[in-house]
Amino acid sequence: MKIRIRFKKEGTMKFIGHLDMMRYFQKVFRRADVDIEYSQGFSPHQLISFASPLGVGLTSEGEYMDIFVHSCDDSKTMVERINQHMVEGVSVLSFKQILDETKNSNAMSLIAAADYIVSFREGRCPDSLNEAAILQFMSLNEIVVTKKTKKSVANTDIKPMIHSLAFENGQLKMRVATGSAANLKPELLVSALYRMMGLELNEFDLCIHRLDMFAKDSQTGGFISLDDLGADISGKR
């Protein structure tokens with residue numbers, strides 16, 4: 001049985017990297033007596049796959065992982081049982097069954113976009129950052145930035161990767177491309193915005209929070225939360 005778990009990560013746990021989070025959840029599942037499936041072979045491991053790793057220093061209420069279990073209780077009971085073994089700063093928000101267990105239903109392969117809120121440390125929000133600046137930025141024909149990867153450095157137009165951008169109540173709210181096909185980090189977008197305003201970004205001025213991650217909705221052409229692709233479990237399975 002395939003299960004999708006949504007969880008949040010906040011507080012000091014934002015400084016824990018992706019690999020350590022994987023090891024952390026493996027221990028939590030053992031302590032919570034989750035009837036999780038293991039791989040075959042000489043070195044069996046829990047069948048867990050995370051959606052999109054969260055950068056160190058970022059908080060989130062929209063993180064996802066897929067697991068396979070032999071059996072489980074109802075969703076409410078499973079959330080409570082797992083959270084009993086969580087440390088402060090990490091907690092499970094939902095535990096849902098994924099009925100489509102094909103490769104194409106894997107959370108990592110489905111991700112197309114993510115919502116973020118970017119707030120500023122006290123006194124660090126530029127006076128020139130306002131709705132007019134956002135309109136000017138989004139009216140540009142192209143927004144070329146230098147993207148660095150482990151293998152190369154290339155100039156990339158990120159304009160098609162910005163689905164929405166707004167400035168409200170002193171915060172930037174954005175929906176950007178996320179996933180293997182196209183991926184835009186919020187700090188790179190803000191850096192490009194600052195450059196248009198003639199400013200230089202200090203990334204330590206930003207507090208970045210991921211709200212949710214989305215798959216492309218084939219029927220409407222819009223986006224649908226990964227959480228909405230699963231169904232609550234009402235009884236023991």
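Biologist: Which residue forms a salt bridge with Lys173?

Modeller: This is a predicted model, in which local features need pLDDT of at least 70, side-chain atom pairs count only at pLDDT 80 or more, and totals for chains, interfaces and linings use all residues. Residues are numbered from 1 along each chain as its sequence is written, and side-chain values use heavy atoms, with hydrogens and water left out. A salt bridge is a side-chain nitrogen of Lys or Arg within 4 Å of a carboxyl oxygen of Asp or Glu. With its closest N and O atoms 3.2 Å apart, the partner of Lys173 is Glu168.

Biologist: Is Lys173 buried, partly exposed or exposed?

Modeller: Buried means under 20% relative accessible area, exposed over 50%, and partly exposed in between (1.4 Å probe, protein chains only). Glu168 has 36% and is therefore partly exposed. Lys173 has 30% relative accessibility, so its class is partly exposed.

Biologist: How is Asp73 classed, buried or exposed?

Modeller: The side chains of Asp73 and Arg81 meet in a salt bridge, at 2.4 Å from N to O. Arg81 counts as partly exposed because its relative accessibility is 23%. Asp73 has 17%, so Asp73 is buried.

Biologist: How many residues apart are Arg4 and Asp66?

Modeller: Arg4 and Asp66 form a salt bridge with a closest N to O distance of 2.7 Å. Strands (E, at least two residues) and helices (H or I, at least four) are DSSP runs numbered from the N terminus. The pair links distant parts of the chain, with Arg4 in strand S1 (residues 2-9) and Asp66 in strand S3 (residues 59-68); the separation is 62 residues.

Biologist: Which residues are linked with Arg6 in a network of salt bridges?

Modeller: Arg6 lies in strand S1 and is buried because its relative accessible area is 13%. Contact means heavy atoms within 4.5 Å; leaving aside neighbours within four places in sequence, the contacts of Arg6 include Tyr64, Leu93 and Ser225. The network joins Arg6 to Lys96, Asp212 and Asp227.

Biologist: What is the count of salt bridges?

Modeller: Side chains of opposite charge can pair when their charged atoms come close. By the distance rule already given, the count is 14.

Biologist: How much space lies in the largest cavity?

Modeller: On a 1 Å grid over the protein atoms alone, a cavity is a set of points where a 1.4 Å probe fits but cannot get out, and lining residues have an atom within 4 Å of a point. Grid points are joined across faces, edges and corners, and a volume is the space filled by probe spheres set on the points. The lining of the largest cavity includes Phe7, His18 and Glu63, and S1 and helix H1 (18-31) are the elements that give two or more residues to it. Its volume is about 90 Å³.

Biologist: Which element gives the most to the lining of the largest pocket?

Modeller: A pocket is an open set of points with protein on both sides within 12 Å along at least five of seven lines. The largest pocket has a volume of about 700 Å³ and is lined by 29 residues. With 4 residues, the element that gives the most is S10.
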